[in-house]
Amino acid sequence: MGDPVMVGTWEGSYRCDDVKGVRLVIVSDPEVGEGGLRATVIFYPKDGNAGSPLGQYASKGSFTSDTFVLNGDYWIDKPAGYGMTDLTADAPEGDPLVLKGAMNGYGCKHFEVTKVSKEATPPPL
């Protein structure tokens, strides 16, 4: 079963060609496998970056042995010219919990999010 530490809503930013806002809404999903997770990855303009679009995609992955992985699954709202990225990180730390890791793909580098709520809903189909 997915780790309850990961389940919830996380807010922060990520860097590709510029800084964008990101929200991860993570739920436990044992159908994905051991430590299974499903998530909605929502990205949006941040820090005066009004030219960045809003978009969202579903991901699936796991949190086991202190390693967090989310892989893009399907688009919910795809802006032109954007692709899904995979996320990897070590276990979250701190209080409130902070998750820092890599975004793999499309020239993206890293992300950092803070857990803001234990509330979460599965990605829409």
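**A walk through an eight-stranded chain**

Trainee: Which residues touch the most other members of the largest nonpolar core?
Mentor: Happy to start there, with a reminder that this is a predicted model, in which local features need pLDDT of at least 70, side-chain atom pairs count only at pLDDT 80 or more, and totals for chains, interfaces and linings use all residues. Residues are numbered from 1 along each chain as its sequence is written, and side-chain values use heavy atoms, with hydrogens and water left out. A nonpolar core is a set of buried (under 20% relative accessible area, 1.4 Å probe, protein chains only) Ala, Val, Leu, Ile, Met, Phe, Trp, Tyr and Cys residues joined through side-chain atoms within 4.5 Å. The largest one has 22 residues, and those touching the most other members are Leu 24, Phe 68 and Phe 111.

Trainee: Which strand gives this core its largest share?
Mentor: Strands here are DSSP runs of E, at least two residues long, numbered from the N terminus. Each of strands 1 to 8 supplies at least two residues of the core, among them strand 1 (8–15) and strand 8 (110–117). The largest share is four residues, and it comes from strand 3.

Trainee: How many helices and strands does the protein chain have?
Mentor: A helix would be a DSSP run of H or I with at least four residues. From the N terminus on, the elements run β-β-β-β-β-β-β-β. The count is therefore zero helices and eight strands.

Trainee: Which residues does Gln 56 touch, beyond those up to four places away in sequence?
Mentor: Gln 56 lies in strand 4, and its C-alpha atom is 6.7 Å from that of Thr 40, 16 residues away along the chain. Contact means heavy atoms within 4.5 Å. With the residues up to four places away set aside, Gln 56 touches Thr 40, Val 41, Ile 42, Phe 43, Trp 75, Ile 76 and Asp 77.

Trainee: Is Leu 125 buried or exposed?
Mentor: Leu 125 sits in the segment after strand 8. Its C-alpha atom is 29 Å from that of Asp 17, a residue 108 places away in sequence. Exposed means over 50% relative accessible area, with partly exposed for values in between. Leu 125 has 98%, so it counts as exposed.

Trainee: And Gln 56, what is its relative accessibility?
Mentor: Gln 56 belongs to strand 4. It counts as partly exposed because its relative accessibility is 24%.

Trainee: Finally, what percentage of the protein chain counts as buried?
Mentor: The C-alpha atoms fill a box of roughly 40 × 30 × 25 Å, taken along the principal axes. Of the 125 residues, the buried share is 39%.
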